[in-house]
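Biologist: I'd like to learn how to read a few features in this model. Can we go through them one by one?

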Amino acid sequence: MKKTAVFPGSFDPITKGHEAIINRSTQIFDKVIIAIGENSKKKYLFDIEKRKKWIKQTFPENSKIDIQVYSGLTVDFCLNNKANFIVRGLRSSFDFEYEQAIALTNKKLAPTIETVMLFAEPKYSMVSSSIVRDIINNKGNAEQFLPDAIKID
Ligand code: ADP
């Protein structure tokens, strides 16, 4: 059976850390759906069009990667897209606590879906969208943390 994974996130914005996890996921799975969460109650720095455009620019032609926007439960999105795996990245013990709670809850909601955690490479373990947003909000240059293909405008 074809192995399809969903990599869900806000990607506000996509960083080099996300890019590395996605590239590694394509070595493991037949197809990786990058699922951009759009929650009307959540405040984003960048709108959905920009977040999606930057992900497209990061992966211009990779037949294993699909980019979609979703709202609602991640497990429902997985079931609707015939994906049996959720990929998440782990940077630290803080991520672990948070990710474990989500993964165990998702397993209860949808027992057929496995969450697969990939450890961040040390060089990316301090990269986060929230720190990138802080830099941008304060007019700093966050380029080194962003995929080479994208330019924040
Ligand atoms: P969310 O709002 O769901 O946390 P994010 O876009 O912040 O969305 O993150 C999506 C996933 O990417 C999460 O599993 C997060 O732990 C992981 N991630 C974020 N930054 C990195 C990084 N630098 N290295 C590895 N994984 C990361």
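Biologist: Which charged end sits over the ring of Tyr-44?

Modeller: A charge counts as over a ring if NZ of Lys or CZ of Arg is within 6 Å of the ring centre and within 35 degrees of the ring normal. Here the charged end of Arg-51 does that, 3.8 Å from the centre of the Tyr-44 ring. Keep in mind that this is a predicted model, where local features need pLDDT of at least 70, side-chain atom pairs count only at pLDDT 80 or more, and totals for chains, interfaces and linings use all residues. Residues are numbered from 1 along each chain as its sequence is written, and side-chain values use heavy atoms, with hydrogens and water left out.

Biologist: How many aromatic pairs does a search of the whole structure find?

Modeller: Four. Rings of Phe, Tyr and Trp (its six-membered ring) pair if their centres lie within 6.5 Å; planes under 30 degrees apart are stacked, over 60 edge-to-face, and the rest tilted. Tyr-70 and Phe-77 have ring centres 5.0 Å apart and planes at 40°, so that pair is tilted.

Biologist: Is Phe-77 buried or exposed?

Modeller: Buried (under 20% relative accessible area, exposed being over 50% and partly exposed in between; 1.4 Å probe, protein chains only). Phe-77 has 8%, and Tyr-70 is buried too, at 11%.

Biologist: Which polar side-chain atom lies 2.8 Å from an oxygen atom of the ligand?

Modeller: One from Ser-10. Arg-91 also has a polar side-chain atom 3.2 Å from a ligand nitrogen atom.

How values were computed:
Polar contact = N/O pair within 3.5 Å; in protein donor to acceptor, adjacent residues only side chain to side chain.
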